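This report goes through selected features of the structure shown below. It starts from a single residue and moves on to a helix, the chain interface and the salt bridges.

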Amino acid sequence: MAIKLPIYMDHHATTPVDPRVLEAMLPYFTEKFGNAASRNHSFGWTAEEAVENARAQIARLINATPKEIIFTSGATESNNLAIKGAAEMYREKGNHIITQVTEHKAVLDTCKRLEKYGYQVTYLPVERDGRINPDDLRRAITPKTILISIMYANNEIGVIQPIEEIGRIAKEHGVLFHCDGVQAVGKIPVDVQKDGIDLLSLSAHKIYGPKGVGALYVRRRNPRVQLAAIIDGGGHERGMRSGTLNVPGIVGLGKACEICMNEMATESERLRRLRDRLKAGIEARLDEVYVNGSMVHRLPNNLNMSFAYVEGESLLMGINDVAVSSGSACTSATLEPSYVLKALGVGEDLAHTSIRFGLGRFNTEEEVDYVVERVVETVNRLRELSPLYELAKEGVDLSKMQWKAD
Amino acid sequence: MAYSEKVIDHYRNPRNVGSLPKDDPNVGTGLVGAPECGDVMKLQVRVNPVTRVIEEAKFKTFGCGSAIASSSLATEWVKGKTVEEALQIKNTEIVRELNLPPVKIHCSVLAEDAIKAAISDWKRKSGLAEAAPTGAPAAAAPAQE
C-alpha cells in the first residue's frame with residue numbers, strides 16, 4: 001500500500017477532526033444555528049437539546065453526570081477556571097495549592113499568577129520515571145491547602161500519574177483534586193468516581209474533535225465543588241462560565257467522546273502495538289537511544305526518545321516528511337530545552353536530542369515502518385556528522401570534558 | 001520554522017565533512033560550543049607552513065540545521081585563504097549568506113569562533129602562538145550573544 005506523505009505523528013499537539021465528528025457538527029452551523037440560551041423558540045430548543053446530548057456523551061466517558069459538565073473554549077481555559085475559580089472561592093479556607101513540575105504551562109503559569117496574588121504554591125518534584133511520589137504529596141499538605149492540581153498523563157512523555165492514590169490522599173485530607181485530563185481522556189479509562197477527581201479538564205481537539213472547545217467537570221456531590229467564575233456575563237453554565245455556547249463545537253466534542261468510548265478498548269490496543277513496533281524497530285537498529293519516562297505507566301500512543309549525539313531540530317529537519325516534535329531548545333519558543341525532561345533528571349545534552357512521537361487513530365503499520373526507516377537513516381547520517389559521536393567512539397567521556405560554551 | 005534554501009542545501013549536502021589527523025603539526029583543531037547548549041562544532045584546517053594558505057578544511061557539527069550549514073559554509077570559505085584572511089571572516093557574513101533568522105545568529109557566531117579556534121591551535125602548534133594557549137579566541141568578541 002502506498003503511503004501518503006507527509007505522515008502526521010504528533011497527536012499530543014492536536015488531532016484531525018474525525019469525519020464522523022464533522023458530520024455531526026455540520027447541521028449546527030447552518031439550519032440548526034440557534035442559540036442554546038434562547039428559551040422561547042424551536043431554534044433555541046434544538047440547539048439546547050444538542051448541547052444537553054453532548055453533555056451526556058461527555059459525562060458517560062468519564063463516569064460523571066451531565067450537570068457536572070461545564071463547557072469552555074478549551075483545556076487552557078478549563079485549567080484556569082478550575083484553579084483560579086477554586087482559589088478564589090476557597091480563599092477563606094486557605095491559600096495553599098499543590099501541583100507538580102511537569103504540568104502543562106496552562107497549570108504552571110496559572111499557579112504562578114496566583115502566587116503574585118498571595119497564594120502559596122508547592123511544586124512537587126517527579127522521580128526519574130516522571131511520576132510524583134505520593135509520600136511527597138502527603139507531606140506537602142498543610143491545613144491551608146485548598147487544591148491539588150496534578151495531570152492525568154503528561155503531554156511530552158505520556159507518563160501517567162498515580163491518580164487513584166492522589167485522589168485518595170486528597171479526600172483523606174479534605175482537599176479538592178483538580179486533574180488536567182487533556183492527554184488521557186478518550187485514550188485510557190478515566191473515571192472521576194474511581195479516581196476521586198473533583199475537577200477534570202478536557203479538550204476536544206486532542207480527541208479528534210474541533211479546536212476551540214473543551215470542558216471542565218465540576219463535582220456536584222461529595223463534595224459539591226463551587227467555583228468563582230473568571231468570565232462574567234449572562235450566567236450560562238450554572239454561572240461558572242458565561243458566554244453563548246459554541247453549539248457546533250460542543251456537538252463535536254460530544255460526538256468525539258462517544259466515539260472514543262466505543263472504540264477505546266480496541267483502539268488503545270492497536271496504538272500500543274504500533275508504538276511498540278516503532279520502539280522495537282528503532283532500538284533494533286540504533287545504539288544509544290534512550291526512552292524518557294516510564295514505559296509501564298504510559299499512554300499507549302506515546303514514545304519519547306533521546307538519540308544521543310544528534311540534536312533534535314536537525315533530526316526533525318532530516319525527517320521532514322514526518323511530523324513529530326522535539327524537546328530540543330531550538331524548537332522551543334524560550335530556547336530552553338524541555339523542562340519536563342529536565343525535571344526527570346535527563347541531562348540537558350540528552351534533552352536536546354529528544355523526539356516525541358504521538359501516534360493516532362489514522363496511523364498505520366506501514367507508516368510506522370516508514371518512520372523507523374527515516375529515523376534510523378537520518379540518525380546514522382547525523383551521527384557521521386557529529387563530533388560528539390566521534391569523541392564517544394574514541395572513548396572520550398563527554399561529561400568530563402571542558403566545554404568552551406558561551 | 002522555515003529554512004532558507006541555502007541552509008537546506010548545506011544540511012542535505014554538507015561540504016567537507018570529516019576529520020583531519022589532529023596530531024599533524026600542520027593541522028589546527030577548533031572545538032567550540034557545549035552539548036548542554038545543543039551546539040558543538042569541530043572545525044579543522046590544514047595549513048601550508050610556507051604560504052600559510054589553508055589547503056584543507058573539515059568539520060563535524062552537533063546542532064540544528066543552521067549550525068550545520070554555518071560550519072559547512074565556514075569550511076568552504078576558509079579553504080584557499082591564508083590564515084590572516086580566514087581570521088577576517090565575520091559571523092555577520094555567514095548570517096547574510098545563509099539568511100539566518102535572529103534566533104539562529106548564535107550558530108554563525110559559533111562558526112566564527114570555530115575558525116578562530118582552529119587557527120589559534122595551528123599557530124600554537126607551529127610556535128606562533130599568541131597569549132591564549134587554547135581554544136576560544138578572546139579577541140573575537142562577536143556582535144551577538
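With which side chain does the side chain of A:Thr145 make a polar contact?

## Surroundings of A:Thr145

The model is predicted. In it, the side chain of A:Thr145 is in polar contact with the side chain of A:His96, at 2.7 Å. The A:Thr145 side chain also reaches the backbone nitrogen of A:Thr142, at 2.7 Å.

A:Thr145 belongs to strand β5 (residues 145-149) of chain A. A:Thr145 has a relative accessible area of 1%, so it counts as buried, the limit being under 20%. Leaving aside residues up to four places away in sequence, A:Thr145 touches A:Lys93, A:His96, A:Ile98, A:Ala140 and A:Val175.

## Helix α7 of chain A

Helix α7 of chain A covers residues 247-285, which is 39 residues. Its end C-alpha atoms are 49 Å apart, whereas a straight helix at 1.5 Å a residue would reach 57 Å. A kink of about 70 degrees is centred on A:Met264.

At the start of α7(A), a side-chain oxygen of A:Asn246 comes to within 3.0 Å of the backbone nitrogen of A:Gly249.

## Interface of chains A and B

Contact between the chains involves 33 residues of chain B and 29 residues of chain A. About 2700 Å² is buried between them, with carbon and sulfur atoms giving 61% of that area. B:Tyr11, B:Lys60 and B:Phe62 supply 25% of the area that chain B buries against chain A, more than any other three residues.

Between the two chains, 14 residue pairs are in polar contact, both residues being at pLDDT 80 or more. Four salt bridges cross the interface. B:Lys60 forms a salt bridge with A:Glu390 (3.3 Å, N to O).

## Salt bridges

Over all chains, the structure holds 39 salt bridges. A:Asp276 and A:Arg275 are paired at 2.9 Å, N to O. A:Asp276 is partly exposed, at 35% relative accessible area, whereas A:Arg275 is buried, at 2%. A network of salt bridges links A:Asp18, A:Arg20, A:Glu263 and A:Arg361.

Another salt bridge joins the side chains of A:Asp287 and A:Lys393 (3.3 Å, N to O). A:Asp287 is in the loop between α7 and β9 of chain A and A:Lys393 in helix α12, so this pair ties together parts 106 residues apart in sequence. In chain B, the side chains of B:Glu84 and B:Arg52 meet at 2.5 Å, N to O. B:Glu84 lies in helix α3 and B:Arg52 in the loop between β2 and β3, so the parts tied together are 32 residues apart in sequence. B:Glu84 is partly exposed, at 37% relative accessibility, and B:Arg52 is partly exposed at 23%.

Definitions and conventions. Residues numbered from 1 in each chain as written. Chains lettered and ligands numbered in written order. Heavy atoms only, no water. Helix = DSSP H or I, 4+ residues; strand = E, 2+ residues; numbered from the N terminus. Expected span 1.5 Å × (residues − 1). Bend = angle between axes of the 7 residues up to and from the residue. Polar contact = N/O pair within 3.5 Å; in protein donor to acceptor, adjacent residues only side chain to side chain. Buried < 20%, exposed > 50% of the residue type's maximum accessible area, 1.4 Å probe, protein only. Contact = heavy atoms within 4.5 Å. Buried area = accessible area lost by both parts, 1.4 Å probe.
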